[in-house]
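My notes follow, in the order I checked them.

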Amino acid sequence: MHSVKELLYSKSAIKDVTVAGWVRTVRDMKNIYFIELNDGSTVRNIQIVFEQDEDLLKKLETLTTASSIKVKGDLVESPKPEQKWEIKGKELTVYCITPAEEYPLQKKRHSFEFLRTIAHLRPRTNTFGSVFRVRSTIAYAIHDFFQKNGFFYIHTPIITTSDCEGAGQMFQVTTLNMEEVAKSGKLNYEEDFFGKKAYLTVSGQLEVENFAQALSKVYTFGPTFRAENSNTSRHLAEFWMIEPEMAFFELEDNMQLAESFIKYIVKFTLDRHTDEFEFFDKWVEQGLLKRLDNVLSSTFEKITYTQAIEILLKSNKKFDFPVSWGIDMQSEHERFLTEEYFKKPVFVTDYPFSIKAFYMKRNSDGKTVRAMDLLVPEIGEIIGGSQREDDLSMLLKNIEEKGLNKQDYWWYIDQRKYGSVPHSGFGLGFERTIQFITGMKNIRDVIPFFRVPGSAEF
Ligand code: ATP
Ligand code: MN
């Protein structure tokens, strides 16, 4: 069996090839049948030409869009200028005839909203097929980058009993019978599966930090869950996150790594998907290739939070959320900075302690922390990271000031007692990265099956 992609990129004609896939279109032109076949190996189809013969005619007549077939034939040069190769069909096996009237993807173009209601079928479209091929390659690029740079992949737990960083709302995990609890009016977590309250993780950072204290350079790449009620084009309740953590890295090293990491995965993916990116550039975001080229060739900007606020205040732009020092920047502010003001990715550093997590290293001013967010055009925040507080007494002070309970973090605090070192890391949202690289506007359209408030159908 050959893939459509292999055949389209063949260096020469081949006698006797076998290919299988789904019919995109079938046309009967004066006793010659033309079939456009796709097998998902690429966004492009291969054309199969059957010169009618009596035996084949019956089968060819029944073919409809989305029917599944296998074809044997010869790969020959195509007379059409837009394709180098086509298949001269010799044998046809029909697996399944799709009932044309019922098939929901009969039309050539559908809205992304409509396709979300048939998320089980949308990978068959050119757009979604391309998104998911590229998603796979981006995941590969991420592992490739870290593995080539001496990082170890750590599988941090999905179920956790620590309310981590309080990042958003958490989903509770329980085996207690809710109906029983409601009836009896008694709730005792000691009787729950883990003997205490448990959740789905919102981040693997606290756990992976412990491994950086042993293996120096590590990363996690797994699913995370946030029950925040944000119905935006950039939030999912279940999403994937990449979190590298490096011993002996300070904030500057952290940013340098993040920049070369982003550039690496963009280039890695572009190099492997010429056809998909040509498609995205034409149909999904006009100018995408130029935008990505700009990312590769630019040096990312670096400004402090205080400078960012000054720029926003001086901009004379009307924002929905008013700007002042101390605010948690909204998407509109982030996008103004990266899209309109700098027109390239921007690191914003040294945020107020009051809006950041307890584990970030405090600056000597006492007010700000060694945080860094990376903002990119079209998305806003794609990375959130920091240098971590490695001083035991400062960490305890932070925990107290944030109103957290130090007993809950005993194992995290231990790191600062036993060979504590400066260290840093960040979290990159995988789906936001896919949006950034493909130009897809809604995060629901870059994950195979999306979970958002009120919706987890498939
Ligand atoms: P935001 O302010 O945009 O909601 P955050 O500051 O809560 O994000 P972090 O806790 O810093 O996010 O998480 C690290 C990265 O994970 C973010 O930079 C983003 O790329 C991604 N991310 C965070 N929340 C979500 C979500 N609900 N859905 C998809 N990706 C997310
Ligand atoms: Mn963040």
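**Around ligand 1.** I listed the neighbours of ligand 1 and got 15 residues, with Glu228, His235, Glu381, Ile382 and Arg432 as the closest. A reminder to myself: this is a predicted model.

**Polar contacts.** Next I went through the N and O atoms. His235 puts a polar side-chain atom 2.6 Å from an oxygen atom of ligand 1. Arg432 also uses its side chain, with an N or O atom 2.9 Å from an oxygen atom of the ligand. With Leu236 I had to look at the backbone, where an N or O atom lies 2.9 Å from a nitrogen atom of ligand 1.

**Cover.** How much of ligand 1's accessible area does the protein cover? I noted 82% of the 590 Å² that the ligand has on its own.

**Where the shell comes from.** I then sorted the shell by element. Strands E11 (238-247), E15 (380-387) and E16 (423-429) are the ones that give two or more residues. E15 has the largest share, at four residues. By class, I wrote down six nonpolar, four polar and five charged residues for this shell.

**The largest pocket.** I moved on to the largest pocket, which holds about 1500 Å³ of space. Its lining has 40 residues, and those nearest the centre are Arg24, Val43, Asn45, Asn126 and Phe279. The classes here come to 14 nonpolar, 13 polar and 13 charged.

**Which elements line the pocket?** Helix H4 (126-148) is among the elements that supply at least two lining residues, and H4 gives the most, with six. I also noted strands E1 (14-29) and E2 (32-38), and helices H3 (112-116) and H8 (274-283), as suppliers of at least two each.

Technical notes: Residues numbered from 1 in each chain as written. Chains lettered and ligands numbered in written order. Predicted model: local features only at pLDDT ≥ 70, side-chain atom pairs only at ≥ 80, totals over all residues. Heavy atoms only, no water. Near = heavy atom within 4 Å. Polar contact = N/O pair within 3.5 Å; in protein donor to acceptor, adjacent residues only side chain to side chain. Areas by Shrake-Rupley, 256 points an atom, 1.4 Å probe, with all protein chains shown as cover. Nonpolar A, V, L, I, M, F, W, Y, C, P; charged D, E, K, R; others polar. 1 Å grid on protein atoms, 1.4 Å probe; cavity = no way out; pocket = protein on both sides within 12 Å on 5 of 7 lines; lining within 4 Å. Points joined across faces, edges and corners; volume = space filled by probe spheres on them.
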